[in-house]
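Here is a short briefing to read alongside the model.

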Amino acid sequence: MIAYITRRLLYAIPILVGVNVLTFALFFVVNSPDDMARVHLGVKRVTPEAIQKWKEERGYDKPLLYNGAAAGGGRFIDTIFYEKSVRLFAFDFGRSDQGRDIGYDISTRMWPSLAIAVPVFLMGLAAYLTFALLMAFFRATYVDFWGVVACVAMMSISGLFYIIGGQYLVGKLLSIVPISGYDGGADAFRFLALPVIIGVVSGIGANTRWYRTIFLEEINKDYVRTARAKGLSEPRVLFRHVLQNAMIPILTGVVAVIPLLFMGSLIAESFFGIPGLGSYTIDAINSQDFAVVRAMVFLGSVLYIIGLICTDISYTLVDPRVRFE
Amino acid sequence: MSFKLEILWTDALIYLLLVVVALLVRHVRRHEHLMAPWRKVARSASGMAAATVLAFFVVIGLADSVHYRPAVEVRDGKTIYAVEVLSVFDKLTTKLRTQKAKTYSAPLATHRYAKETIELPDGLQVRDYPRLTYGGAHLADPATEWGPDIARRCLYGIAGGALIWLVVATLLCVVLARWDPADTGRMWRALRRGETEIPWRAILLTLAVVLAVGGPLVALAANYHVFGTDKVGQDVFYQALKSVRTGLVIGTLTTLVMLPFALALGVMAGYFKGWVDDVIQYLYTTLSSIPGVLLIAAAVLMMQVWIETHPELFDTVLARADLRLLFLCVILGITSWTGLARLLRGEALKLREMEYIQAAHAFAVPHFRILTRHILPNVMHIVLIAIVMDFSGLVLAEAVLSYVGVGVDPSTISFGTMINSARLEMAREPIVWWSLTAAFTFMLLLVLSANLFADAVRDAFDPRIRVGRSFRLAAQKA
Amino acid sequence: MMLSAALRVMLIAAALAAGCSGAPWNNPHPADEDGANILYTSFSERPKHLDPVQSYSENEYVLIANIYQPPLQYHYFKRPYELVPFAATEVPRAQLFDENGRRLPDSADAKLVAYSDYLIRIRPGILYQPHPALAQGAQGRYVYHDLKPGELSGIHAIGDFKATGTRELVAADYVHQIKRLAHPRLHSPIMQLMGEYIVGLKELAAELARADKATAKGGFLDLTRFDLAGAQAVDRYTYRIRVRGKYPQFVYWLAMPFFAPVPPESDRFYAQPGMAERNISLDWFPVGTGPYMLTVNNPNRQMVLERNPNYQGEVYPSEGEPGDAEAGLLGDAGKPLPFIDKVVFALEKEQIPYWNKFLQGYYDASGIASDTFDQAVQFTGQGDVTLSEEMQARGIRLQTSIATTVFYLGFNMLDPVVGGYGERARKLRHAISIAIDQEEMISIFRNGRGIAAQGPIPPGIFGYREGEDGINPYVYDWKDGAPRRKSVEYTKKLLAEAGYPHGRNAKTGEPLLLHLDTTGTGPDAKARLDWYAKQFEKIGVQLAVRPTDWNRFQEKIRKGNVQMYFLGWNADYPDPENFLFLLHGAQSKVKTSGENASNYENPEFDRLFERMKNMYNGPERQAIIDRMVEIARRDAPWVWSLFPKDYTLHHAWVRNRKPNQMANNGLKYQRIDPQLRSQRRREWNQPVLWPAVALLVAVGLSLLPAVRTYRRRERATASIDKA
């Protein structure tokens, strides 16, 4: 097992190298350091000297890949690529183009993101499974039929509408919760209620339908028929046998997502003014803070790969037939 | 000649798509085993009803994909063409396009939405709701004539719709009766009771609903702003219809441009195994491990720079916007091909162990031939399902991306740009609800019918295949 | 059963949300702050710099103008804007000298003046805010000036230091800050400009740059070891600034944070290793003597200004403009400032939540965004604005003032089509100027928040002319006592004379296609661009809009790769020189990287500018400005677009607010009534619960028939089993 995990981790390294090279190419082709300097130095009275100084301070004045002027290993180390990309492997995110410590920012902004993402994830999972079970339970009745119709209709609505509509209705017309904002501690509840509910509701359509098909597939299997033939009641069949067996595809699908919860949600966070990593990313895109975007891309890839590995491991844990190869 | 055809990049690709579809249809019709699943699709009532609605969208989208430049004058035997590029759809809706109000007006309104100081003929100034330049301009006294006029036009519209419906239904009946030897009367009864193999009743019902709604819309659109006007007085109905093409282009071309890569790489990885497999797997794991929105954002920024540095390639605004749309499709394609490639790889892995492939190996059939003759045809159903399932997710993704600011060109009318500008109107008092409602309705219709149709296709071809889910989730989550 | 469980969850949620009974549920501020003397306002973007040598934008000044104390400030009430002492005892007057050091009379010709001296005396007894940089131990040693590597662990903000201290403000602190302008690592945006004026500043910059190279990377560069000829402390409370030539506008700079005092201790404190890595720097945590001090700086959520306990000696002004007393603005005259204990700036990026929270009473004051404006404001017959009845009933007040800002659509004068100084190009530019209906623009996109510009100088600035004398005769006619935009027919005629009848090139017949570069990406951008296309359509000209991101746009302007573009300028100080220099040939963007983005160059204009800039206001200066404006209008390098009007709304519980375009330190004058605020918030924010309950009931009820169906089916199978 440990050998397997080690091998998977080693396999992650070339992928991260690939991600790194790709983002580096993208970012330094898009905008030259001169452009970045101009964005950050502001609008009024910007001189070429100021731009040069800005670049020097942030290490953008070096050559991209190869430094002919340096000696020995410095030829490769004293470059933008080494400074800005290779160091990410040690999770040394460096400083943002605005001078902030990215690592510290990420570690503080991670919590609000998790405060939304985790409840949405858990409550969502519970709600979707409940609805799907209900629909499987009442299959071939009007509940199932209209449930599917409602699901298809709900998944055809853009997430933006859920947020705009929810904020307008609950925040403005009903004045039940604050329209937007965030606060730490127990007070966070009031701010998170609405985004969490909207997050759960906007996922109902696609997810409920997905779990329902898994349940129905399971229900049509032979062992379920056997169980019914034994005279087990329908709820017992459903909860004991179907749910347990359906957990395998559900769990493995879910595990892959868990690490990505850290990344937060881009749109919801910016709509509700929640200072998480999602809004951090959006701000970085808008203000063209490339250091932050690079860090987030790298972090996202790492988390994705962790998710992959977790999925593989969870397969083996829930399904004894799968062995590590 | 009084116009010059202007073929934009996306137009060309849409034409290509049409040709491909036509060829495929011909091919399928000649092979009974390929026809079978399609027959199953045709038997699905919800699928065919959705297809009917989709057909209307497709017609609008196609009419909006034939562009030309009208001539403005002939001088010295040389024709000078306007700079503005129009589409056939624009021509058909000239009134909607050109009859602009000054600013906001509510649906079917005759007066502006906000009060303004109006100068009376006698020089006095009063604050009142000014009349619209076009909306209901034919009414002498809107207060009394407005209601009856709307009702009358609605009735005309419904009557027109009913007439068209009757003609279509009768024609259908006659054709069916001739095709499947039976007398027209019995056919009609069968149709009414829904006893035909293809659910013609559902199709005709859908058609009836569409015509009953569409008829009055068309009848009213000539003299009113049916969905109101936006901030600069453009007709919202026109914008919603224009958004359809953008949605269709994103939904179809994205898959079209990514298809060759996904197909080639996925099948090759599964078929050859070994180092080819490793390289291809490495490639798509790397790509898919970068958060989609970030990759798209970075790539869109890069593309903007490219467009900026090559202004000479674009002589019109539309050409620029169009290329940006195409780029967006390509970038979305790059970020979404990995899912399909993974599925295809799995399928190819299974297929290569099949006996007939092994036999082909034994006869030393070249790899290329095995791939094209034996593997490819047997994975096509997956490709098809992927295409239809991805469609709605892509339309939804466009809206989100345009919101983040990395979507279509701001001058392109799309659902995303409509929502983005309508968002702020929610805070106005009294609330300006119609832009958002129009975008919501049209988008829901398009995506819903696409979803229903996709379900029908999937059920017919392979109900156990699940593609597109991850992407749709990503779009919702973003 | 499910229903009751859901209800229970909801009731618990409700109880939690409410906290205590009666308080509104949707209050975004902590419940225990209710009734406190706190002002709530917002910021939309993180300020980039709070260091007074670097800070140069509105959103930063909103904070630091209340923290730092430059020698001068603008009078809060008086108009036109008037400088009054802040830390200084009086407004200094320039003493002029010739090259031999002989004193010249104030009226001396600018050519004779070699340098001018400003002698500034500050009030004794002003104290710094409590700050760890100034914390001293028993023997007068600074507590935090010699931190060991481990001592910073656990410290992420300035509030994490235990000890604080203060000391008296001295003249040397002002001198120190002027030296900081030349600091090689701070690159002040006005260094270039001030280098031209302040004697010895350029030399100091060069010297410091050399010294900086010699110090280790990130090491401390001690400015007190260097001397600046142009800024000297004369005694403990007096210092002298020496400026090259005659520069009457220099006193205005003395009201900006660039010339506020910074204690040398803070530089030493913040330069310690480990500080910058933790974002602890003067850029994040200012050290000032002003009425407020920044105690929380969390740009992800909020920034908090608290009353500086050491601030004293300033009282509420007793004079104002006519009408101020009647408006109740002078009622607090003579009372010590500031009134408010704490000001919370919350991050608010989206307009709609911001506006809604203002309406709910959770923000005390609001600017008005265009899209929410109709709710707030009605136009009266005369084009004035009043609040809607609903707003008035809520006690919300509206204040307007014309900003010292100009927005313009520029033509690139180097462009072969729209540029150039010939009759053809001029007529084309005039035609375009008339075609773009600024009045409609203002009414649609700004809801009347602005006035159409007649020239480069906005109202309230010396040189602006009102009424018939002030109109731009190339675009407007004076009719019935108001300017009227010339007709579209006239425009078409102009266009034909320019060689483009019906918008087509008379020679080739090709349609005329013009390019407009913008940076617009917001939700409003598309509507705006469509509107512009519509304006050009009126005269048959095709407009292609090229939206670009900001840095590409800047680059294009710098290289002269644009035809038409949008820009705006926000005045540094209320002097016409600060607007007219935007058209000065020597400021050309392409040639000198200046601020003249149109690259406009007219020899006569430039000559007049050189004369005008050193003059004191008076009829002679007015005559020169009139001539310059006339030249600019004739050449039309810009479409004079508009001067925006700033509207601000505030609730009934906020007192003593008056918009002031130049001063950003208005917080100290304001006063709030927290009791009234709590009461109103309660009235306005009663939660509506029945829809949520109704929804749950409906869902529950819709399940009942299914349960029945299911039971029947179960019974049916059971009976079959039995059979």
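**The second largest cavity**

Lining the second largest cavity are Ile164(A), Gln167(A), Tyr168(A), Lys172(A), Ile179(A), Phe271(A), Arg423(B), Met426(B), Ile352(C), Pro353(C) and Asn356(C). A cavity here is a set of points, on a 1 Å grid over the protein atoms alone, where a 1.4 Å probe fits but cannot get out, and lining residues have an atom within 4 Å of a point. This is a predicted model: local features need pLDDT of at least 70 and side-chain atom pairs count only at pLDDT 80 or more, while totals for chains, interfaces and linings use all residues. Residues are numbered from 1 along each chain as its sequence is written, chains are lettered from A in the order in which they are written, and side-chain values use heavy atoms, without hydrogens and water.

*More on the cavity*
- The space in the second largest cavity is about 100 Å³.
- α8(A) gives the largest share of its lining, four residues.
- At least two lining residues each come from α8 (159-173) of chain A and α8 (351-360) of chain C.
- By this rule, eight cavities of 30 Å³ or more are counted.

*Chain C*
- Chain C has 21 helices and 25 strands, taken as DSSP runs (helices H or I, at least four residues; strands E, at least two).
- Its C-alpha atoms fill a box of roughly 120 × 85 × 55 Å along the principal axes.
- Of its 723 residues, 57% are buried, meaning under 20% relative accessible area with a 1.4 Å probe, protein chains only.

Technical notes. Buried means under 20% relative accessible area, exposed over 50%, partly exposed in between (1.4 Å probe, protein chains only). On a 1 Å grid over the protein atoms alone, a cavity is a set of points where a 1.4 Å probe fits but cannot get out, and a pocket is an open set with protein on both sides within 12 Å along at least five of seven lines; lining residues have an atom within 4 Å of a point. Grid points are joined across faces, edges and corners, and a volume is the space filled by probe spheres set on the points.
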